[in-house]
Amino acid sequence: MRFHLIFLVGIISFFISKTKAQNSSNWLVENTTEIMTQEGFDFSEIKKVLENKRIVAIGESSHGLGEFYRLKSALVEYLHKELGFEVLAMEGGLGDINLAFSNIDTLTFKQLRDETVFGNFRASEANPIFEYIKEQSKTRHKLYFTGYDTQTSSSYFVNMLKPIIETYHKNLADSLEYKLGGYSASYRAGNEGDSIGYYKYQKIFLEAVKEAETILIKNKQKVNLEHQLSEFQYNILLRSLRMFQSSYNRSFQDRYYSIGVRDELMAENIKWLMDSIYPNKKFIVWAHNAHIEKGAVENSWGIKWMGHYLKEWYPNDYYALGLFAFKGNTYQHWTKEVVAFENNGENSIERKMIETGKKAPFLPIENQISNPNNQWLYQPLTGFELENGGTINFIPSKRFDGIITIEFSDIPTYSEN
């Protein structure tokens with residue numbers, strides 16, 4: 001009799017568990033929207049949740065997926081046309097992007113791409129957004145292009161700074177590229193545990209940027225007049241140099257905290273751009289999922305990322321949209337290798353989303369009402385983020401306001417000129 005009772009309880013538990021899983025899957029099917037169509041992308045459902053936001057931050061689980069660049073380029077254009085977002089802030093150098101955009105009339109769209117962003121974004125899948133920025137620059141409805149990173153992402157900043165410095169300090173100008181390269185050299189030494197190299201190159205870098213800053217401050221009027229700088233260009237040059245000093249002035253023991261310092265300063269740059277340069281304009285922020293998340297992943301190092309600050313400062317205006325991919329190939333830039341992946345784990349966000357039967361489902365999380373069928377939104381799931389160390393754990397509702405998952409992506413196309 002006892003055996004039959006245990007067997008019956010087991011059967012009942014099995015069917016209850018199966019029913020819950022089915023109800024959860026049905027809820028997800030009903031609450032996601034397919035954004036990928038044969039004609040391109042349909043963002044009409046996304047429009048409904050973004051109409052009253054001032055900042056839409058669009059992430060990506062990897063910098064090495066071409067389909068993300070194609071999707072994000074289309075979404076940026078849509079937000080500009082349909083919802084009046086006027087500023088695209090892309091993960092790239094504060095100096096490089098802003099200075100290049102200030103001279104956009106002298107650049108082709110490919111030059112605009114290659115003179116502004118990091119190499120991982122210089123792919124043909126991202127070309128449409130740079131073409132669009134260039135086209136719109138000739139109209140009354142510009143899409144303003146800005147950057148906010150404390151690192152350089154191209155050579156545009158140093159090429160613009162060098163002739164200015166040469167007037168006052170030729171030796172510094174002649175060695176400027178090498179000395180600014182001290183940032184990367186010090187970083188590499190730190191990763192290798194080489195404290196001597198770390199401090200050596202850090203000193204070279206910090207002394208050079210401090211000296212350049214002093215030259216700009218002491219000779220402001222003459223610099224602006226002789227080099228035909230606008231007040232905006234001068235301020236960007238000066239702020240970039242100050243950001244360099246703030247972002248990499250850490251001891252060897254505290255060197256890894258520079259990661260968090262970078263994100264804090266990036267958030268400050270976006271706030272400065274929003275409050276002082278483009279007041280009252282709506283912003284699109286393009287970056288990695290880690291930078292735009294509104295809440296931390298589980299078991300993190302306690303680092304406060306850029307999106308955490310922005311959500312605090314603009315609580316009702318900030319929307320964090322995370323992007324994931326179920327399977328494909330991603331390009332790992334630091335090893336120059338192709339990494340194949342398939343996120344088929346039972347508890348992965350990618351599998352849950354793609355089991356809806358959609359190619360690119362969008363799930364709005366903000367303002368969802370908790371019910372028995374969506375409790376997984378409030379519990380840890382896994383996701384694959386290459387630059388974030390691989391498989392991570394996070395609570396969807398805590399980290400993002402919405403999620404898009406694409407079924408497949410290959411690596412970006414970098415071969416074209």
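Asn280 sits in the loop that links helix α14 (258-277) to strand β7 (282-286). Helices (H or I, at least four residues) and strands (E, at least two) are DSSP runs, numbered from the N terminus. This is a predicted model, in which local features need pLDDT of at least 70 and side-chain atom pairs count only at pLDDT 80 or more, while totals for chains, interfaces and linings use all residues. Residues are numbered from 1 along each chain as its sequence is written, and side-chain values use heavy atoms, leaving out hydrogens and water.

**Two asparagines in loops**

Asn280 is not a glycine, yet its phi is positive, at about 70°. Asn367 also has a positive phi of about 70° without being a glycine. You will find Asn367 in the loop between β10 (361-364) and β11 (381-385).

How much of these residues can a probe reach? Buried means under 20% relative accessible area, exposed over 50%, and partly exposed in between (1.4 Å probe, protein chains only).

| Residue | Relative accessible area | Class |
|---|---|---|
| Asn280 | 75% | exposed |
| Asn367 | 70% | exposed |
| Ser153 | 7% | buried |
| Leu310 | 0% | buried |

**Strand β7**

Five of the five residues in β7 are buried. Lys282, Ile284 and Trp286 point to one side of the strand, and Phe283 and Val285 to the other.

Which strands are joined to β7? One is β4 (residues 55-58), which runs parallel to β7 and is joined to it by four bridges. Another is β5 (residues 85-93), also parallel, with five bridges to β7. Two strands pair if DSSP finds at least two bridges between them.

Ser153 lies in the loop between β6 (144-149) and α7 (156-166). Which residues does Ser153 contact, leaving aside its neighbours within four places in sequence? They are Gly92, Gly93, Asp96, Thr116, Val117, Phe118 and Arg122. Here contact means heavy atoms within 4.5 Å.

Leu310 belongs to helix α16 (residues 306-313). Again leaving aside neighbours within four places in sequence, Leu310 is in contact with Ala267, Ile270 and Tyr318. Leu310 and Leu216 are 94 residues apart along the chain, and 31 Å separates their C-alpha atoms.

**The whole chain**

Now let us step back. The protein chain has 18 helices and 13 strands. Its radius of gyration is 24 Å, close to the 22 Å that the globule rule gives for 417 residues, so the chain is as compact as a globular protein of that length. The radius is taken over C-alpha atoms, and the rule is 2.2 Å times the number of residues to the power 0.38. Along the principal axes, the C-alpha atoms fill a box of roughly 95 × 55 × 40 Å.

Of the 417 residues, 53% count as buried. Among contacts with a separation of 6 or more, 76% are between residues 24 or more positions apart. The accessible surface comes to about 19,200 Å², and carbon and sulfur atoms hold 50% of it. Such areas come from the Shrake-Rupley method with a 1.4 Å probe; for residues, only the protein chains shown count as cover.
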